[in-house]
Amino acid sequence: MVNKIDHLGIAVKDLDEALKFYEDVLGIKCVETEVVEDQKVKTAFLPIGDTEIELLESTSEDGPIARHIEKRGEGIQHIAFKVDDIEKALEELKSKGIRLIDEKPRKGAGGAMIAFLHPKSTHGVLIEICQRD
Ligand code: ZN
């Protein structure tokens, strides 16, 4: 069903501070930053090999990333798997009884279509599936 790990989503308090570590220390370059209004996040994408790191800073005190940091601190927030057909993948997941956070795909950063699966159905990991055309 899924092809590869598209990216790892990491919740950070301060994107610019986090970029200093990823760019200056690890030497991974940020290729794009983007504000995704309906998720209340500012994202930065840093390609590494065949995958990417997505850094996520909340743009609001009540956004999902702010809540994640409040509860668990900074750290890995989600793992995103790439699919070819997100509509079909969601149908299949639903038919297998997987609890979905997003019944319908929505727009993520970089023009991708994304949907989240509920951690209760995935052994505790917030999983995103995403389709890029
Ligand atoms: Zn993501």
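## Ground rules and lysine 40

A residue is called buried when its relative accessible area is under 20%, exposed when that is over 50%, and partly exposed in between, using a 1.4 Å probe and protein chains only. Lysine 40 comes out as partly exposed, because its relative accessible area is 31%. This is a predicted model, so local features need pLDDT of at least 70 and side-chain atom pairs count only at pLDDT 80 or more, while totals for chains, interfaces and linings use all residues. Residues are numbered from 1 along each chain as its sequence is written, and side-chain values use heavy atoms, with hydrogens and water left out.

Helices (H or I, at least four residues) and strands (E, at least two) are DSSP runs numbered from the N terminus. On that scheme, lysine 40 belongs to the loop between β2 (32-36) and β3.

Most residues other than glycine have a negative phi. Lysine 40 isn't a glycine, yet its phi is positive at about 55°.

## The nonpolar cores

A nonpolar core here is a set of buried Ala, Val, Leu, Ile, Met, Phe, Trp, Tyr and Cys residues joined through side-chain atoms within 4.5 Å. The largest one has 11 residues, among them Ile10, Val12, Ala44, Leu46 and Ile53. At least two residues each come from α1 (15-25), β3 (41-48) and β4 (51-58), and α1 gives the most, with four.

A second, separate core has 10 residues, including Ile86, Ala89, Leu93 and Leu100.

## Helix α1

Leu15, Ala18, Leu19 and Tyr22 are the buried residues of α1. They sit on the same side of α1 because they cover an arc of only 100° around the axis, the arc being that of the directions from the helix axis to the C-beta atoms. Behind that pattern is simple geometry: an α-helix has 3.6 residues a turn, so residues three or four places apart point the same way. The buried side packs against β1 (5-11), β3 and β4, where contact means heavy atoms within 4.5 Å. Turned away from it are the exposed residues Asp16, Asp24 and Val25.

At the start of α1, a side-chain oxygen of aspartate 14 comes to within 3.0 Å of the backbone nitrogen of aspartate 16. Just after the helix, glycine 27 has a positive phi of about 75°.

## Helix α3

In α3 (residues 86-95), the buried set is Ile86, Ala89, Leu90 and Leu93. Again the arc is only 100°, so these residues share the same side of α3. Their cover includes β7 (113-117) and β8 (127-131), whereas Lys88, Glu91 and Ser95 are exposed on the other side.

A side-chain oxygen of aspartate 85 reaches to within 3.2 Å of the backbone nitrogen of glutamate 87 at the start of α3. After α3 comes glycine 97, with a positive phi near 80°.

## Rings

The whole structure has one aromatic pair. Phenylalanine 21 and tyrosine 22 have ring centres 5.1 Å apart and planes at 80°, so they pair edge-to-face. Rings of Phe, Tyr and Trp (its six-membered ring) pair if their centres lie within 6.5 Å, with planes under 30 degrees apart counted as stacked, over 60 as edge-to-face and the rest as tilted. Phenylalanine 21 is partly exposed at 40% relative accessibility, whereas tyrosine 22 is buried at 14%.

Notes: Polar contact = N/O pair within 3.5 Å; in protein donor to acceptor, adjacent residues only side chain to side chain.
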